[in-house]
Amino acid sequence: MTGRIFHASSGIGRKVQAEALVSSDGFSARYDLDRIKGIFSRPDHRLAGLSYVGRVLVLDAAKGGVATAWMLYEMKARCIVPAALVLNRVNPIMVQGAALADFTMISGFELDITKAIPSGALVEVDPTADRPFIRLE
């Protein structure tokens with residue numbers, strides 16, 4: 001599977017390379033995370049107890065509203081932030097939050113990206129390419 005590329009319909013931010021942390025759950029910076037400890041803290045989230053810091057989060061969909069968006073900025077300012085977000089579906093507020101935080105995010109795949117990327121894999125995320133992508137390294 002190494003070298004496989006999955007193209008997204010949109011992306012924002014810089015090119016990054018890091019280990020993937022994958023779940024079919026959604027993503028809310030407000031309700032799913034302990035933003036001080038840098039871990040998933042909602043007990044019923046499949047990634048509960050795992051660190052998200054410096055990892056490429058590959059998740060189903062953005063959840064939440066304005067609070068989740070500004071929390072990305074706050075997390076980035078404190079350097080307790082994922083390397084990138086890779087989502088099947090994103091909402092406009094999450095895009096605004098990623099832009100404010102100068103945060104890497106791609107979204108919109110032709111398949112369920114949470115089933116295509118294995119957790120623990122080294123991945124490259126490039127939202128700056130002509131067609132944004134995530135590549136298994």
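## Overall picture

What percentage of the 137 residues in the protein do buried residues make up? The figure is 50%. Buried means under 20% relative accessible area, exposed means over 50%, and partly exposed lies in between (1.4 Å probe, protein chains only).

This is a predicted model, in which local features need pLDDT of at least 70, side-chain atom pairs count only at pLDDT 80 or more, and totals for chains, interfaces and linings use all residues. Residues are numbered from 1 along each chain as its sequence is written, and side-chain values use heavy atoms, with hydrogens and water left out.

## Elements and dimensions

The protein has 3 helices and 10 strands. Helices (H or I, at least four residues) and strands (E, at least two) are DSSP runs, numbered from the N terminus. From that end, the order is β-β-β-β-β-β-α-β-α-β-α-β-β.

The C-alpha trace spans about 35 × 25 × 25 Å along its principal axes. A compact globule with 137 residues would have a radius of gyration near 14 Å, and the 13 Å of the protein agrees with that. The radius is taken over C-alpha atoms, and the globule rule is 2.2 Å times the number of residues to the power 0.38.

## Contacts, surface and charge

Contact means heavy atoms within 4.5 Å. Take the contacts between residues at least 6 apart in sequence: 69% of them join residues at least 24 apart.

The accessible surface comes to about 6,400 Å². Carbon and sulfur atoms account for 54% of that surface. Accessible areas come from the Shrake-Rupley method with a 1.4 Å probe; for residues, only the protein chains shown count as cover.

There are 16 positive and 14 negative side chains. The centres of the two sets lie 3 Å apart. Lys and Arg count as positive and Asp and Glu as negative, while His and the chain ends are not counted. Each charge is placed at NZ of Lys, CZ of Arg, CG of Asp or CD of Glu.

Helix α2 covers residues 92-101, and its buried residues are Met-94, Gly-97, Ala-98 and Ala-101. These residues lie on the same side of α2 because they cover an arc of only 100 degrees around the axis. The arc is that of the directions from the helix axis to the C-beta atoms. An α-helix has 3.6 residues a turn, so residues three or four places apart point the same way.

What do the buried residues of α2 pack against? Their partners are β2 (10-12), α1 (66-77), β7 (84-89) and β8 (105-107). On the other side of α2, Pro-92, Gln-96 and Leu-100 are exposed. Pro-92 has a relative accessible area of 62%.

Ala-98 lies in helix α2. Its relative accessibility is 0%, so Ala-98 counts as buried. Leaving out residues up to four places away in sequence, Ala-98 touches Ile-12, Leu-72, Phe-103 and Met-105. Phe-109 is 11 residues from Ala-98 in sequence, yet their C-alpha atoms are 18 Å apart.

Val-86 sits in strand β7. Val-86 is also buried, with a relative accessible area of 0%. Beyond four places in sequence, Val-86 touches residues including Val-56, Leu-59, Ile-106, Phe-109 and Ile-134. Gly-11 is 75 residues from Val-86 along the chain, and the C-alpha atoms of the two are separated by 9.1 Å.

His-45 is in the loop between β5 (39-40) and β6 (56-61). Is His-45 buried or exposed? At 3% relative accessibility, His-45 counts as buried. Not counting residues up to four places away in sequence, His-45 touches Ser-23, Asp-25, Gly-26, Asp-32, Phe-40 and Leu-59. His-45 and Asp-25 are 20 residues apart in sequence, and their C-alpha atoms are 6.7 Å apart.

Cys-79 lies in the loop between α1 and β7. Its phi is near 60 degrees, a positive value in a residue other than glycine. Cys-79 counts as exposed, at 61% relative accessibility.

Asp-102 is partly exposed, with a relative accessible area of 35%.
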